[in-house]
Amino acid sequence: MLPGVYQATKKDGTTYYRAGITFRCKHISLGSFPLEQEAGEAYCDAWHILNDGVTLDEAIACYHKKPFRLAFEKCVCLINFRDNNLYISNPIYIRRNFFSYYLSLEEELKFDIDDLFYYARHKIMRRQGHLFVNDYGMQVTILSRYGIRSYAVCNRDYDFVNDDPLDFRYSNIKVYNRFFGVQEYEKNGTKRYRVKIHLNGNYTVGTYRSEERAAVAYNKAVDLAKRAGYERNFPENYVDTLSASEYAALYTQIKISQKYMDYLAKGVNPA
């Protein structure tokens, strides 16, 4: 048997080969392969990376030039372990003030060190252009960690300050609209917050001078719509900057546009 290769058998009796390598007293699995030769090649790739001082940039350049038997994700894990003495099963490389998560050869996501523990335990995946992780059995977008809603629109609800959509460091993300139904805009140099709710179409609830007031106004508009017979699963805003008594007082005081109230009074129920 080739160095670092172990023969194994599947439940149906099929033989396959597992590759593994030991480095700094830690045994690391390199993957499973249908042929002994392929598993041996993966072991050789790993040995070369760990013992010949191959840098991450050099490894990326090599992977671009020719295919390797060792998966690129595993290559990142090995180089990080060698350089930083911390083995992480996800394709993470720790840098001086941040860490990189390699979604692919071409896609290097950047995160603050504060998020290292989370992404060391949660694998980032992509579906329909959205990046998400499985968290307690639910698919959660990584943008939600910044208070960005799943249907938020870049350049309207949030921005990447340096125009790099792969840089998820907190200082690089500017959130404009944190709440459902609330859109920030500027008038005569002053920020205002417009609230809209979707019934048969988009209806303006009102314009408010603070984001919190606008969030509460949206919630009040939702409650009014439900009372008018709209049986819909409206999202609602949680305003963590207000105490329960402050929220209740603001909810009572907040005014809703008469046009919206008149529409609800017609008793239209599209449900």
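You are looking at a predicted model, where local features need pLDDT of at least 70, side-chain atom pairs count only at pLDDT 80 or more, and totals for chains, interfaces and linings use all residues. Residues are numbered from 1 along each chain as its sequence is written, and side-chain values use heavy atoms, with hydrogens and water left out.

Next, switch to cartoon view. The chain has seven helices and 14 strands (DSSP runs, H or I of at least four residues for helices and E of at least two for strands, numbered from the N terminus).

Now show the C-alpha atoms alone. Along the principal axes they fill a box of roughly 80 × 50 × 35 Å.

Then zoom in on helix α2, residues 56-65, and show its side chains. Leu56, Ala59, Ile60 and Tyr63 are buried here. Look down the axis of α2: the buried residues fall within an arc of 100°, so they line one face of the helix (the arc is that of the directions from the helix axis to the C-beta atoms). An α-helix has 3.6 residues a turn, so residues three or four places apart point the same way.

Turn to the other side of α2, and you will find Asp57 and Lys65 exposed.

Finally, what covers that buried face? Select α3 (72-84), β4 (92-94) and β5 (98-102), which are among the elements covering the buried residues of α2 (contact means heavy atoms within 4.5 Å).

Technical notes:
Buried means under 20% relative accessible area, exposed over 50%, partly exposed in between (1.4 Å probe, protein chains only).
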